[in-house]
Amino acid sequence: MKKKILIGAGIFVSLLLVLLVLLFAFRTKLLEITLSRIEAKIENKYPVDFKIEEARFTDLNSVVLRGISLVPHERDTLFVTDSVHATVSIKSILKGRAVFNRLQVTDGYLTARKNGDINNFSFLFKSDDEAAPADTTKGGRNYGELLNRLIETAFDNVPDQVDFRNLNVSYVSPNRTIDVKMPYLKIDDGKIATQLAVQMDSIRNNMLIKGTIDPGDYHIATSIFATDTLGIRVPYVHDKFGATVKFDSLHLSLEDKSYKRERLTIKGDAKIQNLVVNHPKIATEDVHVNESAVEYVVTIGKNYYAVEKPTQVRVNKAVASIEASYQTAPSKIIDLKVNTETIPANNFFDSLPPGLFENLEGIQAQGDLQYAMSFHVNMDQLDSLKFDPDLEASKDFKILKWGKTNIEKIKGPFVHTVYEYGKPVRTFTVGPTNPFFAPINQISPFLRNAILTAEDAGFYSHNGFHEEAFRQAIITNLKEGKFVRGGSTISMQLVKNVFLTRHKTITRKVEEAIIVWLIENLDLVSKNRMFEVYLNIIEWGPNVYGAKDASRFYFGKQPNELNLAEAIFLTSIIPSPKRYRSSFDSYGNLRSHKGYYYRLIGGIMRRRGLITQEQYENLYPNVTLYGRARDLIVTATDTTQIQEDTSEFELETIDLLDF
């Protein structure tokens, strides 16, 4: 029995050795057969020719593959590589498939090309059931589905271990060229490391990327660092938007994703260091943000885009919760909510990016602030638009020290500079030392009341803002598709003229609102003084500033001598003072369309008891020009040749609410 067992074991070992010898002898053939099956599988799934010209073992379980190419049918080559070194599982080859580990790819070239509707890469993102063209009759493309497919395709093709050497990626189209050179790209046990040189049109970025990836959970976290002093510059934004955006480092992560009910939801966070933004409509100089971060939850579906709870945005030390949604069909609906927790006032002012709010830089304060804002609009029902902003301060809030600009300077005499197109054109003192300064009690009550009626009826009762006027301005501008009406109060116009340049930037309006809020809520300046300064600095014609200058320019009078008709005329040209000539014909008579304005403003003043019934009945749209204005306006040509301007442009910014 023992002898039989030994003989059997010997036969088994011999057979095993024979099998191993045969396997070793024919393993290259088995590898070729397996790779042929892989080639066929890829070519059956995609409209491509996939080739591996040579495959051979270099030792027991190490292989080298050469001449790999992926060429879409009737398209340019998408990918080629010189060689791939890897370890392969013999067991997987016996099962008819090849499991490669420790990939080392040398001299790889991935080239995506697009010319019109023709490209060599879109087939990779088509789902298995996408045999027929997408139905676009029900409202357009679902970008959530497209992004979900892109994410899954990318994660499903991440190898466990890979070492790319000299990997080159490029995208070429008639309007855009992108070249990416990677000296190395390593993925090992979920860790990623690579160095990139990215040329996008005229911009070249040199960067280092490190991170982690878990394809099974759709998780990736990467950090991108600039490797030179130029930082990382974002391409395209200058060509498309005229802006410059750059940063030193960026952390970006995708923590989770889910696709339900035809909507994709992704969660993650991002953090950016030393962000610099420059755009003429944002600010007149570079805007610097030391650190900003976002924890995001974003949902994308068909005709639907949303930023959802608990999304938070942090700029330096200030944190805000953001909710926003944009529905494109069947109606365009926009919703936005911004809320902050109670924040120390010093943290708020310290967080304002340098270059963005020049007058607020360096402010020191005590107490706390809290902001909340909600906005809703259905573009098919604009009159139902909702806008509700609210900035609250704690009872102990106060300014301890002003920064670059002392907002309280308007309490007493100060030097004022007038700017046009960002350049100073005139400087004068707002105070008694200026012979053209007029104290408020020396300005005709007709003029004061006409201006309050037309520009800001609630000036003495509101806290600097007229929410309904601003809401109506937004509605009007949306209806017209352009900016045609403002919602500015006298407080806001005063701040704009005294503290801000005339550059029309997005942030100027925000800075204006913050300064108005400080003045009004801290009672820094009395309402009478604010109105007095306003009446002495606003423009009324060619190099004409202030009520006294205007009274002399048009009528040769002191401002306390103005009658009702003259006061209403001066009020009518405040919104567009440079168009003062269009109010008159060549003989110096007011044009007929002014009659509507006189009846409107005069009627409101009568109803409010600001003028008597007799004064209203004797009010006519007629004034007598005198002095410099007459010399500029009266030309005594044939007025029948002049086409009358019937546009009521002066009504565009008038607050006609609550009358």
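Let's start with how open a residue is to its surroundings: buried means under 20% relative accessible area, exposed means over 50%, and partly exposed is in between (1.4 Å probe, protein chains only). What you're looking at is a predicted model, where local features need pLDDT of at least 70, side-chain atom pairs count only at pLDDT 80 or more, and totals for chains, interfaces and linings use all residues. Residues are numbered from 1 along each chain as its sequence is written, and side-chain values use heavy atoms, with hydrogens and water left out.

**Salt bridges**

Side chains of opposite charge can pair when their charged atoms come close. Here, a salt bridge is a side-chain nitrogen of Lys or Arg within 4 Å of a carboxyl oxygen of Asp or Glu. By that rule, the model has 18 salt bridges. Here are some of them:

| Pair | N to O distance |
|---|---|
| Lys479 and Asp383 | 2.9 Å |
| Glu532 and Arg529 | 2.7 Å |
| Glu566 and Lys557 | 2.9 Å |

Take Lys479 and Asp383, which meet in a salt bridge. Lys479 lies in helix α7 (residues 467-480) and Asp383 in the loop between β22 (368-378) and β23 (386-393), so this pair ties together parts that are 96 residues apart in sequence. (Helices are DSSP runs of H or I with at least four residues, strands are runs of E with at least two, and both are numbered from the N terminus.) Lys479 and Asp383 are both exposed.

How far apart along the helix are Glu532 and Arg529? They are 3 residues apart in helix α10 (residues 527-537), which means that about one helical turn separates them. Glu532 counts as buried because its relative accessible area is 12%, and Arg529 is buried with a value of 12% too.

Next up is the bridge between Glu566 and Lys557. Is Glu566 buried or exposed? With a relative accessible area of 5%, Glu566 is buried. Lys557 has 23% relative accessibility, so Lys557 counts as partly exposed.

**A helix residue and a loop residue**

Met530 is buried, with a relative accessible area of 2%. From C-alpha to C-alpha, Met530 and Ile440 are 10.0 Å apart in space, though 90 residues apart in sequence.

Now look at Glu341, in the loop between β19 (333-339) and β20 (343-344). Glu341 has 62% relative accessibility, so it counts as exposed. Which distance separates Glu341 from Ala372? They are 9.1 Å apart in space, C-alpha to C-alpha, and 31 residues apart in sequence.

**A polar contact**

Thr299 sits in strand β15 (residues 287-301), and its 3% relative accessibility makes it buried. The side chains of Thr299 and Thr265 make a polar contact at 2.9 Å. That term covers a pair of N or O atoms within 3.5 Å; within protein, one must be able to donate a hydrogen and the other to accept it, and residues adjacent in sequence count only if both atoms are side-chain atoms.

**A charged patch**

Which residues form the negative surface patch? They are Asp214, Asp217, Glu255 and Asp256. Patches take residues with over 30% relative accessible area and no salt bridge, and like charges are joined within 9 Å. Asp214 is part of strand β9 (residues 203-214), and at 32% relative accessibility it counts as partly exposed.

Terms used. Patch = residues over 30% accessible without salt bridge, like charges linked within 9 Å, V, L, I, M, F, W, Y side chains within 5 Å. Areas by Shrake-Rupley, 256 points an atom, 1.4 Å probe, with all protein chains shown as cover. Lys, Arg positive; Asp, Glu negative; His and termini not counted. Charge placed at Lys NZ, Arg CZ, Asp CG, Glu CD.
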